[in-house]
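Trainee: I would like to learn how to read a structure, one feature at a time. Where do we begin?

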Amino acid sequence: MPSIESTISPLDLELEPGRPAMLRVRGTHDPAGWAAEARQVLASALAEHGAVVIRGLELHDATDVAAVLDRLGAEPVAEKETFAQRETYGPGVYSASPWPPNQPMCMHHELSYTLDPPGLMLFACLSEPTVGGATCVADAAAVLDALPTGLVERFERDGWLLTRTYNDEIGATVAEAFGTADRNEVETYCRTQGISWSWQSDGSLRTTQRRRAVVRHPVDGRRCWFNQTAFLNEWTLAPEVREYLVEEYGAGGLPFNTFYGDGEPLDEDVVRLINSAYEAHTLRMPWQAGDLLAVDNIRTAHSRDAYEGPRSVVVAMASPTRPASAPPATEAGLR
């Protein structure tokens, strides 16, 4: 009998306009065994396309997803600095981020505000929604090319700034985000990760971190727009949500916000421009139960459409990567 890998080739990828590349798997009831045999084929497909839907693996639960991640031989990434608590199913394997079903989740690169974000993301659909709910992708190099030169040059030079306020009311608490409520341990983590912090009189924690906005892909060296500047900015929030948060916490105490790397606020028009560039390069494939979407997290941003009905997606993060600056970015002061 031929091996699984011998029956699969990048030439078998289905390529359709507006959709990510898709690889159909037939005749296997062993997703983990398929992953072990096909890891090189999958790596090649990701290197070429940045994201690949694998259909036909018959994934049934989080245990199947954890087994696939393990057999791919990729080092799991433990989530830190989370924005909302997830269920943990195994090393690097989590429930999808909680987000209102009626609101789309904008394009972003997972954990791009950390020093060592995952290079590989796996999204597994255990049950598809009735309407919508696709996990969409966008090529980061194409998005970079679509943005105005002056804007890109500024972000290359200065990076981007993320501010967060951790409290017990909205989003992840300090203990959930850092894995501990011990102030000394939290401060040690922040110090090693290039994060500035201050404890407020009410016990909340405020942090600031400056990161690169344009990086060089570690494999092929292409320049990629890699950040969460638009996704985590106040202007991406629904107007009523933003108004409530500003009224409740003040403009400087929002649970999260982003700025130019020099601290200057982003205009609403700039945030809309970035999100428009993402939308112009968005690919989407409606989920089917059992699907697996593999994403090169440096090369490819992802989002989630609004949806109706039940939707169960398991997420795996792996291959910690420290992307390098993409010339002509200035290295001074960037972590």
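Trainee: How far apart are the end C-alpha atoms of helix α1?

Mentor: First, some ground rules. This is a predicted model: local features need pLDDT of at least 70, side-chain atom pairs count only at pLDDT 80 or more, and totals for chains, interfaces and linings use all residues. Residues are numbered from 1 along each chain as its sequence is written, and side-chain values use heavy atoms, with hydrogens and water left out. Helices (H or I, at least four residues) and strands (E, at least two) are DSSP runs, numbered from the N terminus. The expected span of a helix is 1.5 Å times one less than its number of residues. Helix α1 covers residues 31-49, 19 residues in all. Its end C-alpha atoms are only 22 Å apart, whereas a straight helix would reach 27 Å.

Trainee: Where does α1 bend?

Mentor: A bend at a residue is the angle between axes fitted to the seven residues ending there and the seven starting there. In α1 the bend is about 65°, at Ala38. Just after α1, Gly50 has a positive phi of about 85°.

Trainee: Which residues of α1 are buried?

Mentor: Buried means under 20% relative accessible area, exposed over 50%, and partly exposed in between (1.4 Å probe, protein chains only). The buried residues of α1 include Trp34, Ala38, Val41, Leu42 and Leu46. Among the elements covering the buried residues of α1 are β1 (21-24), β2 (51-55) and α2 (62-71).

Trainee: How do strands β10 and β11 run?

Mentor: Two strands pair if DSSP finds at least two bridges between them. Here 5 bridges join β10 (residues 195-199) to β11 (residues 205-211), and the two run antiparallel. Trp197 stands opposite Thr207 in β11. The pair forms a hairpin with 5 residues between the strands. In the turn, Gly203 has a positive phi of about 95°.

Trainee: How many cavities does a search of the whole structure find?

Mentor: Rolling a probe the size of a water molecule over the atoms shows where empty space is left. On a 1 Å grid over the protein atoms alone, a cavity is a set of points where a 1.4 Å probe fits but cannot get out; a pocket is an open set with protein on both sides within 12 Å along at least five of seven lines; lining residues have an atom within 4 Å of a point. Grid points are joined across faces, edges and corners, and a volume is the space filled by probe spheres set on the points. The search finds 3 cavities of 30 Å³ or more. The second largest cavity holds about 40 Å³. Its lining includes Arg55, Met285 and Trp287.

Trainee: How much space lies in the largest pocket?

Mentor: About 1,200 Å³. It is lined by 50 residues, and the closest to its centre are Pro98, Trp99, Pro100, Met105 and Phe231. Strand β5 gives the most to the lining, with 4 residues.

Trainee: Is Arg304 buried or exposed?

Mentor: Arg304 has 6% relative accessibility, so it counts as buried. Arg304 is in strand β17 (residues 300-304). Contact means heavy atoms within 4.5 Å. Leaving aside neighbours within four places in sequence, the contacts of Arg304 include Trp99, Met105 and Arg311.
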